[in-house]
Amino acid sequence: MRDVAKRASVSTSTVSHVINSTRFVTPDLAERVRGTMAELGYQPNAVARSLRRKETLTLGMLVPDNANPFFAQMARAIEDICYEQGYSLIFSNSEGDAARELANADVLLSKRVDGLIFVAVGMGSQDLLPILESAAVVVVDRDLPGIDVDAVLVDNLSGGYQATEHLLNLGHRRIACITGPSETTPSADRVTGLREALRAAGLPVDESLIVRGDFQFASGFQGAQALLTRPDPPTAIFACNDLMAVGCIAAAAELGYRVPAELSIVGFDDTTLASYTTPPLTTVTQPISEVGRLATQLLIRRIQTPNSARERHVLPTGLVVRGSTAQASPRSRSRPVAQSSPQVRLQPAVNL
Ligand code: RIB
């Protein structure tokens with residue numbers, strides 16, 4: 001920096017102000033400094049700057065599954081705000097494992113991220129408290145009941161209710177559900193929405209039609225296989241996220257079910273995937289990018305005003321009806337028995 005200042009005949013503080021935009025510098029002077037930096041191949045040292053200013057202008061984002069388009073779409077909205085505000089983003093993955101979640105959170109904090117956007121593996125634990133108290137943190141998507149922390153969530157219960165009500169309005173009465181991990185608030189609330197919609201319609205909840213999934217394709221496929229090879233299969237399946245709904249569509253095809261003529265399927269998230277399945281997926285839409293934007297703006301405010309009151313935002317969900325749901329119809333054909341692996345192609349049922 002001293003060499004740049006000397007060559008450009010300015011003070012080192014002027015060079016610093018040009019690099020950090022911390023004070024107005026006339027355009028011609030700024031241009032002279034930047035030209036000198038380029039000539040000398042000078043690269044500001046971000047680590048040294050961070051130590052000096054006790055900030056890194058870096059945010060961390062910790063999610064359970066960075067391969068899921070839901071988190072990828074959210075991360076994109078977050079990175080857009082970071083870019084606008086001069087922050088970098090470090091994206092980390094907990095693989096749905098609580099120990100890895102803690103380890104990765106520690107790594108992000110040791111890299112001195114200024115703040116953390118956090119999607120919890122479960123409903124939080126005492127182990128998380130030191131992390132939540134030692135840094136600016138905004139939890140998104142998955143609530144941490146009882147913990148005072150900024151949160152940007154969506155109305156999952158209403159989403160589950162809308163999905164079920166839509167199927168009831170189509171005449172479905174045997175509605176199955178493939179849940180996400182039961183220890184996550186989104187899955188628990190979506191299933192509560194299903195139960196409340198069935199109860200409001202005066203229908204009993206058949207617990208045997210509620211099967212556990214894990215928000216991954218395979219659990220949707222396997223859950224649908226188990227449900228559709230029962231003697232009394234459901235006529236509709238509400239999958240608690242789009243990936244599992246895609247698994248259901250694949251299982252229905254393997255088992256010779258026509259969607260939606262013989263089986264209706266509803267998902268949750270409305271990721272870009274939902275528009276490109278065959279048939280396109282009816283799903284509960286949640287404002288993924290808006291959650292990301294709002295959480296990032298809230299986190300940057302939290303970094304700047306650490307002691308202001310915590311904020312809690314719950315954004316609405318809606319239903320987008322596409323081609324995977326239709327009027328309930330009586331079962332038209334007997335079904336083959338499901339195979340253990342999705343790779344095995346089932347032979348059509350033959351009446352002997
Ligand atoms: O698809 C991933 C799921 O995990 C989404 O439904 C999102 O709400 C998160 O909870």
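The model is predicted: local features need pLDDT of at least 70, side-chain atom pairs count only at pLDDT 80 or more, and totals for chains, interfaces and linings use all residues. Residues are numbered from 1 along each chain as its sequence is written, and side-chain values use heavy atoms, with hydrogens and water left out.

**The ligand site**

- The ligand takes up the space of the largest pocket. A pocket is an open set of points on a 1 Å grid over the protein atoms alone, with protein on both sides within 12 Å along at least five of seven lines. A molecule sits in a pocket if more than half of its atoms lie within 2 Å of its grid points.
- Helix α5 (69–85) and α9 each give two or more residues to the shell around the ligand. Helices are DSSP runs (H or I, at least four residues) and strands are too (E, at least two), numbered from the N terminus.
- Residues around the ligand include Asn68, Phe70, Phe71, Pro186, Arg190 and Phe215. Such a residue has a heavy atom within 4 Å of the molecule.
- On its own, the ligand has 280 Å² of accessible area, and the protein covers 99% of that. Accessible areas come from the Shrake-Rupley method with a 1.4 Å probe.

**Threonine 185**

- Threonine 185 lies in helix α9 (residues 185–200).
- Threonine 185 counts as buried because its relative accessibility is 8%. Buried means under 20% relative accessible area, exposed over 50%, and partly exposed in between (1.4 Å probe, protein chains only).
- A polar atom of the threonine 185 side chain lies 2.9 Å from the backbone nitrogen of aspartate 143.
- Beyond neighbours within four places in sequence, threonine 185 is in contact with Met123, Asp141, Arg142, Asp143 and Pro145. Contact means heavy atoms within 4.5 Å.
- Asp141 and Arg142 are also among the residues around the ligand.

**Leucine 255**

- Leucine 255 sits in the loop between α11 (242–254) and β9 (264–269).
- At 2% relative accessibility, leucine 255 is buried.
- Leucine 299 is 44 residues away along the chain, and the two C-alpha atoms are separated by 47 Å.

**Helix α2 and its end**

- Helix α2 (residues 12–20) has these buried residues: Thr14, Val15, Ser16, His17, Val18 and Asn20.

Definitions and conventions: A polar contact is a pair of N or O atoms within 3.5 Å; within protein, one must be able to donate a hydrogen and the other to accept it, and residues adjacent in sequence count only if both atoms are side-chain atoms. On a 1 Å grid over the protein atoms alone, a cavity is a set of points where a 1.4 Å probe fits but cannot get out, and a pocket is an open set with protein on both sides within 12 Å along at least five of seven lines; lining residues have an atom within 4 Å of a point.
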